[in-house]
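Me: I would like to learn how to read helix packing and chain contacts in a model. Could you take me through it slowly?

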Amino acid sequence: MTASTHGQPVSERLSSLWERPRVIDHIFATVDHKRLGVRYMVTAFVFFLVGGTLAGMMRTQLAVPENQFLGPESYNRIFTMHGTTMIFYFATPMLTGIATYILPLMLGTRDLAFPRLNAFAYWVFLFSGLFIYTSFLVDEVPDGGWFAYVPLTGPNYSQGLGMDFWTLAILFLGISTTAAAINFVVTILRMRAPGMAVQRMPLFLWGVLDMAFTILIALPSLTLATLLLALDRTFGTHFYDPAGGGNPLLWQHLFWIWGHPEVYILLLPSLGIISTVVTAHARREVVMYPLVAVASVAIGILAFGLWVHHMFSTGLDLLPISFFSAASFTIAIPSGISIFAWVTTIYGGRVRFSPAFMFALGFIVTFVIGGVSGVMVAMVPFDWQVHDSYFVVAHFHYVLVGGVVFPVFAGLYHWFPKITGRMTVPTLGHGAFWLIFLGFNITFFPQHILGLLGMPRRVYTYAEGLGWDTYNAISTAGYVVLGLGIIVMVFDFLWSMQRGEEAGDDPWEADSLEWATPSPPEPYNFAHLPIVHSRTPMWLDRTPERGGQLDRIEDPMDDGREVVTTSVLDAAPDAVLRVPEPSYVPLFAALALTVAVVAMLVEVYPVSVAGIVGLGALLAVWLWRSPAPAPERVNQIRDRVHLPDVRIAGPHSLGRWGMIFFIVTEAVLFGSLISSYFLVRGSADEWPLGGIAEPELILPAILTALIVLSSASMFWAQRQVEGSADRNPPLGMLRLALVVSLALGIAFLSLQAYEFHRSEFGPSTNAYGSLFFMITGTHAAHMGVGVLLIGWTLLRTWFVSHEPGQRSDVPNVALYWHFVGVVWLVILSVVYLGVRGL
Amino acid sequence: MSQARNPYEIHDYPSRRPTGVGPWTLAFALFGGTIAWTVHLIAGYSVANYMCGDAVAVWILHGLTVVALTVVALAFLTALRVVRHATRLPKGERTPEEDRDQFLASGGLLLAGLGFMAITFGEVAVVVAGCTP
């Protein structure tokens, strides 16, 4: 047993650092990625069972013609909640859970980059799910479909709280998803094991990285869409209301700019799981690794050029939609590359036909069918024929069940021994696979035919004698078989968890680093962090020269909860950082947010404001004290790894990277907002609408001067900190710069409030008013957050250590402030100058 | 303290032989084709949606295609050059950075190829469907 420098065995020392003894801490304060990963997976699986039960109700209703099991209202609610649950509360969180658990292990590190953010994201996901399901308790269930098309879901056609539950839940959940995505991106880019350069990254990591980037760029569009819908419904704005100059197609654009990439958000990590399973169980590295890795990136990029293919039948002209048809064909190529690579790998491998591998095979079959029908609907004339028919239902279930659920099950079977320390029962696993595979195909293949026979989707019943009866009956029978398969799988997992054969560290003799840990892994994952020399370290790195062991950092890094960060491309070590301790703050912050959301639903706005203030206060506590910097370790890791920089501030800090990706997603939000402005303006006969005068320019000019000056003073503050890397910053100058920025920011907000106050039109006057106030108001809200951050930073200069390396907050806040300034310049040119044709 | 090994040897980076490929060149090789396709898609969609009927619109669309395909070709050639440069030595003699450059530039070849296809498909639509209101 290796001895720690602290006079006790390394494992004991690390356990004491990485695990709290109290059970209550494990439950409510944990930030351990493994505990949170399991929670994500279990919670998402419960939602899967609920969503599956709802599907069973739909299939029961449709089993025979003119059935009265469900009425039309109930059916609308059930199919809305089925889709919402499966997409938002099962698929994305389940993949997030798998990634949360596996990522640090596969990367060869000890936790995610932002452990507390990880805990916060989980709690928000859980509370959001509970929130939307309380709609059943108050009989106000969403009923506008998981796609929530306007005007059906607008204030005129959707009374009651149902769609308010939906919009608020989706907004609420978006916070969790964004937080998880930022965490994944920063972790993968900055916390890979030394030597795990980009060309050596496991394909699962590529999939998760692509997924996270896609979320950051796609999700703001959905956030904006639902926010605008909530405002239309609650405050009488006119974003989607044609009578007020709005444009209902704006919803479809915003929704599908997120909605189509969402398919790939789910698919990309799933492809990564398949690559992992195929590699381990065919006992051969996936052939054409570079092409498969880049194909994953290409799919993520091309996904953004497909959204209009959901809108072929909305009346858009032929040429514009042809561009998207072209992109829809093109995306088949990288998908095909991956399929051929797996098939070739399997063909030349020594296959172990485990349940995990069987689910991977099932994926390949079903995904190819879903892909082919996808290319069919990419053809505009064909799409016109089958749009809104059961053909489309069959297509997307082949893509989403085949492309996501099968890989998830493959992953669960593959990693079950690692997570629980026990093996599943192969007979049960194979039984579950065949029942699920056959049940799935019996359920959904006939729906292709139903669609071609003209059965529309989203109908609660159908007349006898249309030729649909038999196919619907078969489809319902298939559901029963599929359900039996799920029951067998759940039984297998529950039984094996208690009584399964002990797994050992590496039962599959797999290639990646998670199998170098005990099963289940210790709280600290690795006693000595590994160093990587190849793409398959468990196969190629454990050479006789290394005694059959992985290369590793000899120093156990046990002065605190320490991890190594590495460079983005080459994974060269560049710092030792300390990650935060367990904390109750993420839970309380999520609860405060829940209070705010519930109060918004029932329109008790003072309570909502109180919830947001509480959230802000908790975030201030959260960020108040960063973990102490790791002690100077230059050349101290037993002369093996040279770490030239051990600061927690500056470009090496994870916080800086987190802020950069947060700004990326914020920039996309503003970009979507500005694009919405142009779309509504493009469909208007006059602009501004309704004879509203063009905005005056004197006040905006003053506002611009204020924001430019405040940005300059923040730059000055930044210089005080960054110019003093090896000494304490001049606090007087720093405080002065921050005070100036604060004052200018407050002046900006006051003047803008004055501009709003004296305005002759309001957000509910017409679509121009709605957009004007939405754009400037959103920016003002960001300014408000910026002002609070500057105030908070200023306060910290009196209370928190001034040692070099402790001040990552100033450059981060400055970065945010500069971003808000740049956004203002865009708004000035579009909303104030652009309206005059300048 | 053992001095037997260069501390950099453990993680292989950075090696002492520079690759001769700058970061911007590598970035263009990797993403040039994608950026060209993105701009072509958004600009083409906007022109087709809002300007068709104007006689000049179709020529703008053709012009967009020419510019986009030129950028794609440049990205492809740059990627090809990087791959050749990175693989000029036999596999066992290459530095990790050269492996990295080869990997990223190979990705650029694929992305440029996909960009070429998508842009060309779009241009075919312009030729076949025309740009009439």
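This is a predicted model: local features need pLDDT of at least 70, side-chain atom pairs count only at pLDDT 80 or more; totals for chains, interfaces and linings use all residues.

Me: At what angle do the axes of helix α7 and helix α20 of chain A cross?

Reply: Helices are DSSP runs (H or I, at least four residues), numbered from the N terminus. Axes are lines fitted to C-alpha atoms over the stretch in contact, and angles run from 0 to 180 degrees between N-to-C directions. Here the axes of α7 (residues 203–235) and α20 (residues 654–682) of chain A come within 8 Å and cross at roughly 40°. Angles under 35 degrees count as roughly parallel, over 145 as roughly antiparallel, 65 to 115 as roughly perpendicular and the rest as oblique, and α7(A) and α20(A) are therefore oblique to each other.

Me: How many residues does each chain give to the contact?

Reply: Contact means heavy atoms within 4.5 Å. Chain B gives 41 residues and chain A gives 48 residues.

Me: Which side chains meet in a salt bridge?

Reply: A salt bridge is a side-chain nitrogen of Lys or Arg within 4 Å of a carboxyl oxygen of Asp or Glu. The rule finds 1 salt bridge across the interface of chain B and chain A, and the side chains of Asp570(A) and Arg100(B) meet in a salt bridge at 2.7 Å, N to O.

Terms used
Residues are numbered from 1 along each chain as its sequence is written. Chains are lettered from A and ligands numbered from 1 in the order in which they are written. Side-chain values use heavy atoms; hydrogens and water are left out. Helices (H or I, at least four residues) and strands (E, at least two) are DSSP runs, numbered from the N terminus.
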